Amino acid sequence: MEMHKQTLETLFEQLGLSSTKQDIEAFISKHAKELDHTQPLHRASFWNASQSNFIKEAKKEDADWVEVVDQLDTLFRAQSTD
């Protein structure tokens, strides 16, 4: 089974969000302060139920998406400490 390299852009598309570089940066900047460092990314209040479930399952199943979900998590947490 061939795994495809996912990107932040494809993750945002999968989550039903705008996937331009500018919109991704704006989304992270807007919501980073809302992320509690003690909670996993999928529990952040800014996700809807479907988005949260997708992120949770991607991490749980070590799916094709896990690297890019981890990348997004890192970007949120780095932004929230600035």
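Me: Let's start with D70: what's its relative accessible area?

Reply: This is a predicted model, and in it D70 has a relative accessible area of 29%, so D70 goes down as partly exposed.

Me: Which residue does D70 form a salt bridge with?

Reply: That's K59, with the closest N and O atoms 2.2 Å apart. The two sit in distant parts of the chain: D70 belongs to helix α4 and K59 to helix α3, eleven residues apart.

Me: And how accessible is K59?

Reply: K59 has 39% relative accessibility, so K59 is partly exposed too.

Me: How many salt bridges does the count come to?

Reply: Three. One of them joins the side chains of K5 and E67, at 3.6 Å from N to O. This pair also links distant parts of the chain, with K5 in the segment before α1 (8-14) and E67 in helix α4 (residues 66-80), 62 residues apart.

Me: K5 and E67, buried or exposed?

Reply: Both are exposed.

Me: What does D73 pair with?

Reply: D73 forms a salt bridge with R77, and their closest N and O atoms are 2.5 Å apart. Both residues lie in helix α4, four residues apart, which is about one turn of the helix.

Me: Are D73 and R77 buried or exposed?

Reply: D73 is buried, and R77 is buried as well.

Me: OK, switching to rings. How many aromatic pairs does the structure hold?

Reply: Eight. Take F12 and F27: the ring centres are 5.5 Å apart and the planes stand at 90 degrees, so that pair is edge-to-face. F12 is in helix α1 and F27 in helix α2, so the pair ties together parts 15 residues apart in sequence.

Me: What are the relative accessible areas there, starting with F12?

Reply: F12 has 1%, so F12 is buried. F27 has 14%, so F27 is buried too.

Me: And W47 with F76, what's the geometry of those rings?

Reply: Their centres are 6.2 Å apart and the planes are at 85 degrees, so this pair is edge-to-face. W47 comes from the loop between α2 and α3, F76 from helix α4, and the two are 29 residues apart. Both W47 and F76 are buried.

Me: Which residues do ring pairs link into a cluster?

Reply: F12, F27, F46, W47 and F76.

Me: Let's go to that loop. Where is H42 found?

Reply: H42 is in the loop between α2 and α3.

Me: Buried or exposed, that H42?

Reply: Its relative accessibility is 16%, and the cut-off for buried is under 20%, so H42 counts as buried.

Me: What does H42 touch, leaving out residues up to four places away in sequence?

Reply: W47, S52, I55 and K56. W47 is also one of the residues in the ring cluster.

Me: Last one, K33. Where is its place?

Reply: K33 is in the loop between α2 (21-31) and α3 (49-60).

Me: How far apart are K33 and A63, in sequence and in space?

Reply: They're 30 residues apart in sequence and 27 Å apart in space, going from C-alpha to C-alpha.

Conventions. Residues are numbered from 1 along each chain as its sequence is written. This is a predicted model: local features need pLDDT of at least 70, side-chain atom pairs count only at pLDDT 80 or more; totals for chains, interfaces and linings use all residues. Side-chain values use heavy atoms; hydrogens and water are left out. Buried means under 20% relative accessible area, exposed over 50%, partly exposed in between (1.4 Å probe, protein chains only). Contact means heavy atoms within 4.5 Å. A salt bridge is a side-chain nitrogen of Lys or Arg within 4 Å of a carboxyl oxygen of Asp or Glu. Rings of Phe, Tyr and Trp (its six-membered ring) pair if their centres lie within 6.5 Å; planes under 30 degrees apart count as stacked, over 60 as edge-to-face and the rest as tilted.
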